[in-house]
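The exercises below ask for features that can be read from a set of coordinates. Each task is followed by a worked solution.

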Amino acid sequence: MAEVLTQEYLEAELRSSMEDLRSELLAADAALFVQKPGVDKWSVRDVVCHLVDTELLIFQYRLNRMLTDVETPHFPDIDHARWELEHIYAGQDWAKKLQELESERSKTIAMVHGATQALFEREAHHEVHGTITMGFIADYCARHTRVHLNQIRRTLTEVGN
Ligand code: NI
């Protein structure tokens, strides 16, 4: 973990992963977005809904606590298996969810951008990951977007003709 992730680098990664996702979706056949490649698999629409949920409920939630908690934040591991059902991904409008994601990503980037060096380097404790910082959370967010972008590409291949 000698890798140094600067705020500038992470802001660029958060921005470019979002832009790549957006380009992929706008270039694809939207008729395929509601098709699941298997019974228990996510459609492209489900993935976009998942990204909005994680942006708000995991990444921004944690960044906000890093910026505002008086005591050292302790983060439990999160089981998001039921969000798909609880937040009713089926029936959502993917284009609206994409807009929502882009708008929320701008806020995520602003949180990273606005952090002082001291807050950016502040340490918190995560149940699974151990000691983490804002850099870890932002890096995780950008990588998570790219993991799901790859999933979207695979899904489009699987459901396409
Ligand atoms: Ni995920």
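**Exercise 1: surroundings of L14**

Task: list the residues that L14 touches, not counting residues up to four places away in sequence.

Solution. Leaving out residues up to four places away in sequence, the contacts of L14 are R105, T108, I109, V112, A138, C141 and A142. The model is predicted. L14 itself lies in helix α1.

Task: decide whether L14 is buried or exposed.

Solution. Step one is the cut-off: a residue is buried if 20 or more other C-beta atoms lie within 10 Å of its own. Step two is the count, and L14 has 24 C-beta neighbours inside 10 Å, so L14 counts as buried.

Task: state how many residues along the chain lie between the positions of L14 and R143, and how far their C-alpha atoms are separated.

Solution. L14 and R143 are 129 residues apart along the chain, and their C-alpha atoms are separated by 8.6 Å.

**Exercise 2: the nonpolar core**

Task: give the number of residues in the largest nonpolar core and name those with the most contacts inside it.

Solution. The largest nonpolar core holds 31 residues. The most contacts inside this core belong to L14, V48, V112, M134, I137 and A138. Next, assign the core to elements: α1 (7-27), α2 (44-68), α4 (94-114) and α6 (134-159) each supply at least two of its residues. With 9 residues, α2 gives the most to this core.

**Exercise 3: the faces of α4**

Task: compare the reach of α4 with the expected value, then find which residues are buried.

Solution. From first C-alpha to last, the 21 residues of α4 reach 30 Å, close to the 30 Å expected at 1.5 Å a residue. The buried residues of α4 are K97, L98, L101, R105, T108, I109, M111 and V112. Seen down the axis of α4, these buried residues fall within an arc of 150°, so they line one face of the helix. They pack against α1, α2 and α6. The face of α4 turned away from the buried side carries the exposed residues K96, S103, A110, H113 and G114.

**Exercise 4: the span of α6**

Task: check the end-to-end distance of α6 and name what its buried residues pack against.

Solution. At 1.5 Å a residue, the 26 residues of α6 should span 38 Å; the end C-alpha atoms are 37 Å apart, which agrees. Buried residues of α6 include M134, F136, C141, H148 and T155. The packing partners of its buried residues are α1, α2, α4, α5 (117-120) and β3.

**Exercise 5: the whole chain**

Solution. Along its principal axes the C-alpha trace spans about 50 × 30 × 30 Å. Buried residues make up 29% of the 161 residues.

Terms used:
Residues are numbered from 1 along each chain as its sequence is written. This is a predicted model: local features need pLDDT of at least 70, side-chain atom pairs count only at pLDDT 80 or more; totals for chains, interfaces and linings use all residues. A nonpolar core is a set of buried Ala, Val, Leu, Ile, Met, Phe, Trp, Tyr and Cys residues joined through C-beta atoms within 7 Å. A residue is buried if 20 or more other C-beta atoms lie within 10 Å of its own, exposed if 12 or fewer, and partly exposed in between; C-beta atoms are placed from the backbone. Helices (H or I, at least four residues) and strands (E, at least two) are DSSP runs, numbered from the N terminus. Two residues are in contact if their C-beta atoms, placed from the backbone, lie within 7 Å. The expected span of a helix is 1.5 Å times one less than its number of residues. The arc is that of the directions from the helix axis to the C-beta atoms.
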